[in-house]
Amino acid sequence: MSANTSDKSTSHVLTARQREIVRLLAKTARNPIPVGAISEKLNVSSRTILRELPAVERWLDENDFTFIRKPGVGLVLEEDPEAIRLLNELLGLSQPHTDYSQKERRRQILGELLFVREPVKSYVFQSRFHISEGTLTKDLDALEEWLSAFQVKILRRPGVGILLEGTETAYRQAIANAALEFMDDGEILKLLRGSKKEDFSSGSQLMKNRLFSFIDPQIVSFVEQILSDTEKELNIKYTDSGYMALAVHLSLSIQRLRSGEKIEMDPKELRSLTDFPEYAVAEKIAEKIGEQFQLVIPKEEIGFITMHLTSARIWPHTRRNRSQLQSVNTRQVVMAIVERVEAELNLPFHTCNRMIEELTSHMDSMISRLSMNIQLDNSQGDVIRQKYPDVYEAVEHACGLFREKLYIEDISPSEITFVAMHFAAAAETLRVEQKRIAVAVVCPSGMGASRMLAANLIRSLHNIEIRHVMSAFSLDPEKLQEGGVDLVISTVPLEIDFPHVCVSPIPQKQDMMVIDRALETVSASRTKEIRPKPGVLEPESGLSLKDIESLTRTGEEISQLLHSFQIKEVSGIQQTEALLGQAAGIFADSILSRQVISQDLARREGVKNTFIPELELHLLHCRTHAVPHCRCAYLKLDTPFTVPDGTIKGAILLLAPQSEQGECVEVISRISMLLVEDQRFLQALQSGDVSEGRGLAEKALIKYYQNLIIKRKGDGTL
């Protein structure tokens with residue numbers, strides 16, 4: 001087979017005739033078969049076979065099979081018997097099958113390997129997920145890198161299979177982290193908070209997840225009762241993250257003990273854990289588990305429970321002591337300090353992800369030094385106090401909070417200086433950013449041309465901050481002023497009493513001159529006092545229910561858009577009206593819905609022509625009642641046609657449902673921006689490469705989704 005290892009989880013589906021062609025090629029593997037022979041066997045013309053070959057060739061390429069056309073000789077599959085066996089298996093199982101995302105597929109593979117203690121043949125995964133050997137290799141490489149953090153290895157033995165290797169401790173850490181990292185918050189909450197029996201039915205999505213299917217719902221319910229009882233009886237309190245981790249761990253432990261698996265732990269490590277006050281709590285939990293399930297809980301298991309408890313911050317403040325400094329959640333401490341310094345200096349430090357990461361790493365070492373009474377000198381103390389007196393003073397005040405959380409008497413000026421140096425560097429960057437001119441970018445819909453313009457402005461100008469991307473119909477000068485906006489940059493002429501300019505979605509030289517003059521005017525008129533960014537004084541400390549609901553809707557729309565993504569080749573189009581008509585029919589499920597989409601597209605086109613000369617395409621987009629979710633397609637013209645502004649080679653169609661929620665528009669807008677940000681995307685569309693186009697769109701949308709989570713949480717963590 002070929003060495004192509006690209007992800008092909010979204011492979012094309014063959015028609016019945018195309019499958020028969022592949023079967024004939026497989027029967028004559030390594031021996032050419034003429035097109036005429038194939039047409040004769042299938043009782044169709046040679047022209048029909050030639051018309052089907054591009055789809056056949058694409059499918060074979062996506063599944064890493066080597067297909068060769070030999071002019072004057074015939075068609076041949078250059079594959080060995082093992083590859084042909086896999087090909088026949090794919091043909092037999094691929095109609096129909098579930099399309100797995102890369103993340104979901106890897107989660108399923110990991111779940112299988114973690115809970116099967118014997119080798120698994122590679123063809124099992126290839127057949128189940130309909131992937132090539134190269135794709136499986138790529139998946140295993142990624143999982144091996146993830147597992148290495150827990151000292152677990154993936155053993156691959158030709159002819160034997162795939163197996164994990166690691167200690168009991170390593171396995172437990174990997175399983176618990178997989179359950180927490182490879183599941184989204186909604187799944188975990190469904191499992192651990194009020195799960196209903198129907199959620200665990202054999203046909204539910206929850207049980208299809210390999211990391212859920214091994215857990216008995218009655219065990220989960222009992223674990224929750226244990227944690228609730230121990231909180232009341234022992235006057236302890238679990239944090240949300242500690243509760244989740246411990247609940248998953250206990251559910252796993254009970255299941256494995258009932259299966260008779262042996263629990264092992266290094267004796268020396270176990271002896272050290274018995275000195276922790278959490279050990280007594282672990283014994284109480286183990287006692288309850290033993291009574292409920294008639295199990296003898298070994299001391300090793302009590303040790304593992306103790307390890308989880310030490311990181312779950314269970315004790316009220318008055319009962320913590322200095323020996324427990326290593327179990328402090330450093331990031332929580334850092335975020336509390338960031339919030340305090342931010343309030344004093346009126347600077348949004350919570351947006352400085354790199355600073356937070358570096359400070360967390362620094363304070364990990366600092367906590368260790370404090371626990372051992374080690375003091376470091378810092379010769380920069382006087383310099384920091386003189387150059388950044390406000391920063392040093394704010395950090396000094398915040399360290400009072402640090403002392404409270406760590407239950408220590410004093411933090412030396414040297415240690416305070418180290419912390420202040422991190423904040424001083426971040427303050428320099430933030431103060432430069434605050435001098436930037438705040439801009440609102442506008443187009444008729446707020447989801448097409450404006451996003452394209454915003455992407456271009458970000459690449460070209462470094463002295464602006466794009467604070468809003470919005471529809472021209474929602475402009476309100478008072479709200480713009482309240483939001484700290486200095487200038488509106490629009491793709492359509494505006495009649496508003498607010499500084500604004502009108503330029504092309506892809507600004508040309510004259511457009512940039514207009515923007516530069518407007519920015520100079522704004523800079524000259526602004527007061528010297530720097531206005532703070534709206535809302536930076538009240539950073540979010542975590543996700544709210546509203547955030548979760550919004551993120552869920554966003555994730556659904558991303559999924560819907562990617563699954564709808566397609567490239568359609570059209571012919572006989574010589575005018576824009578005909579192009580609109582073709583576009584309207586792609587996602588219509590009835591004559592009425594096609595009419596609705598056509599009218600909505602024409603209405604948007606009537607506001608301003610959506611042809612982008614620089615890209616040689618129409619950006620057809622609108623909101624419409626005719627679709628329930630985001631939709632995306634590219635219409636590839638077999639023959640380009642000319643209009644007064646240039647040549648049209650195709651059109652990208654972006655449809656968003658009519659909704660009061662803004663998630664749909666944001667998701668659609670990312671595709672508009674991608675056309676400008678990554679030229680490979682447009683190249684893929686114009687060449688008809690749907691796999692490459694979808695892959696680039698998926699990468700961009702996932703990045704957007706990850707950044708959205710960070711923004712919503714507000715503390716820079718995922």
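Two strands pair if DSSP finds at least two bridges between them. Helices (H or I, at least four residues) and strands (E, at least two) are DSSP runs, numbered from the N terminus. In β13, the bridge partner of C622 is L655.

This is a predicted model: local features need pLDDT of at least 70, side-chain atom pairs count only at pLDDT 80 or more, and totals for chains, interfaces and linings use all residues. Residues are numbered from 1 along each chain as its sequence is written, and side-chain values use heavy atoms, with hydrogens and water left out.

First, the overall inventory. The protein chain has 30 helices and 13 strands. Of its 718 residues, 49% are buried. Buried means under 20% relative accessible area, exposed means over 50%, and partly exposed lies in between (1.4 Å probe, protein chains only). Contact means heavy atoms within 4.5 Å. Take the contacts between residues at least 6 apart in sequence: 71% join residues at least 24 apart.

Back to the mixed sheet. It is open and holds 5 strands, in the order β9-β12-β13-β11-β10. β9 (566-570) and β10 (611-612) stand at the edges. Each has a single partner strand, so one side of each is left without a neighbour in the sheet.

Now walk through the pairings. β10 joins β11 through 2 bridges, and the two run antiparallel. Here F611 stands opposite H618 in β11. β11 (residues 617-624) runs parallel to β13, with 8 bridges between them. β12 (residues 631-643) pairs with β13 in the antiparallel sense, over 9 bridges. Is β13 covered or open? Strand β13 (residues 646-657) is mostly covered, with 9 of its 12 residues buried.

A helix lies over this sheet. α27 (residues 591-607) lies across β10, β11 and β13. Its direction is at about 115° to β11. Axes are lines fitted to C-alpha atoms, for helices over the stretch in contact, and angles run from 0 to 180 degrees between N-to-C directions.

The next sheet is parallel. Its 4 strands form an open sheet in the order β6-β5-β7-β8. β6 (464-471) and β8 (500-502) are the edge strands, each pairing on one side only. From one strand to the next, the twist averages 25°. β5 (residues 437-443) and β6 pair in the parallel sense over 7 bridges. Within that pair, V441 has V469 of β6 as its bridge partner. Helix α22 (residues 449-460) packs on the sheet and touches β5, β6 and β7 (487-490). The direction of α22 makes about 175° with that of β6. Helix α24 (residues 509-525) lies across β5, β6, β7 and β8, running at about 170° to β7.

Turn to helix against helix. Two packed helices are described by the angle between their axes and the distance between the axes. For α2 (residues 35-42) and α3 (residues 46-62), the axes come within 8 Å and cross at roughly 105°. The two helices are therefore roughly perpendicular to each other. Angles under 35 degrees count as roughly parallel, over 145 as roughly antiparallel, 65 to 115 as roughly perpendicular and the rest as oblique. Which residues of α2 meet α3? V35, G36, I38, S39 and L42 in α2 meet S46, I49 and L50 in α3. The residues of this contact divide into 5 nonpolar, 3 polar and no charged. Ala, Val, Leu, Ile, Met, Phe, Trp, Tyr, Cys and Pro count as nonpolar, Asp, Glu, Lys and Arg as charged, and the others, Gly among them, as polar.

Some single residues deserve a look. In helix α6 (residues 122-129), the buried residues are F125, Q126, S127 and F129. Just after α6, H130 takes a positive phi of about 55°. D390 lies in helix α20 (residues 389-406). At 30% relative accessibility, D390 counts as partly exposed. D390 touches L345 and R431, not counting residues up to four places away in sequence. D390 and E344 are 46 residues apart in sequence, and 8.7 Å apart in space, C-alpha to C-alpha.

Last, the cysteines. Is C399 buried or exposed? C399 has 0% relative accessibility, so C399 counts as buried. C502 has 38%, and therefore counts as partly exposed. How many disulfides does a search of the whole structure find? The search finds 0 (a disulfide is a pair of cysteine sulfur atoms within 2.5 Å).
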